[in-house]
Amino acid sequence: MAHALVTQSDLAVALIEYRLSTSDAPDVKHPDHVQDVFDALQYLLRNENALPYQTRHMVIVGHSVGAWMALAAVMEPTLHTQDQDCAVRMPVLAPSIRSAIDKVVLVDPILDLDALLLEYPDYEGFVLNAFPSPYAEPRKYDAVSVSSWTWTKQTQHRVQVILMHSRDDELLSYAQIVVALKRFHMLHDPNDAGHDIPIPKPSSQICNHLAYWYRGKTQTESVFAQFQSDVMRVPKRIQVDWHSLSVGFMNFLRVKTDTGTFQGSHDELLHTDVFWKKLMQIAQEP
């Protein structure tokens, strides 16, 4: 995949893998996953002179839970949540690496575990697989959720954050992006230039789509009910794209459904041209 992306642009591309928490690897727990990602970023920076690329303008892309790790590269828990008795400390990314990151692209993201479990209680199983028991007993995921994170000194006024979501995602609603926008709004200095981002309502199309897959078990309406405003003012470097991954992807979804090989648009999104072309466009924009 990296080779294919390189041939379509002048960009250097690295695909980062990390260990998964599975039945075959029960000892892999937080913070192993994010530490693997940070180690890979450290490797890329340390080997810059030995390999044919430069890392002064890095664009980090994360999909689903990968988006959580991508955002963790430019944000960090507040001291209060980091020092909780139950919290396993988040790894610390070197300031030199954070200073090299220009953009973070978060696609169909998981960013806040408490909001995720409020909306989808059935997801607690895979969350418990990934996080050690002190987080779950009592449930305290705020130290590893965007709602308690803050910008770092290297990223506070500089890094662009682009959030994208497919309307055809059958595993996640827009709620994770909305929770993140609320946090970015709270951290926004009102004296700095900002812009208003409209907050979509959980339309019947979205709720019915999710309810179809999970038999009405989602609590999307409850999550969105927390947000009273129709807009959220955030720094101009925060951008949300609700649409680019939907129009072309809707045709792909229809084809998959008609042929009987539909496997879920949350993951299938990664295998569409519209997705990768959009990412390459973002990476090459100033």
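These legends accompany close-up views of a predicted model. Local features need pLDDT of at least 70 and side-chain atom pairs count only at pLDDT 80 or more, while totals for chains, interfaces and linings use all residues. Residues are numbered from 1 along each chain as its sequence is written, and side-chain values use heavy atoms, with hydrogens and water left out.

**View 1. Strand 1 beside strand 3.** Six bridges join strand 1 to strand 3 (residues 101–107), and H63 stands opposite V107 in strand 3.

**View 2. A salt bridge between R158 and D102.** The side chains of R158 and D102 meet in a salt bridge at 3.3 Å, N to O, the term meaning a side-chain nitrogen of Lys or Arg within 4 Å of a carboxyl oxygen of Asp or Glu. R158 is in the loop between strand 4 (149–151) and strand 5 (160–164), whereas D102 is in strand 3, 56 residues apart.

**View 3. A salt bridge between D241 and K278.** In the salt bridge of D241 with K278, the closest N and O atoms are 3.7 Å apart. Both D241 and K278 are buried, that is, under 20% relative accessible area (1.4 Å probe, protein chains only).

Methods:
Pairing = 2+ DSSP bridges. Helix = DSSP H or I, 4+ residues; strand = E, 2+ residues; numbered from the N terminus. Buried < 20%, exposed > 50% of the residue type's maximum accessible area, 1.4 Å probe, protein only.
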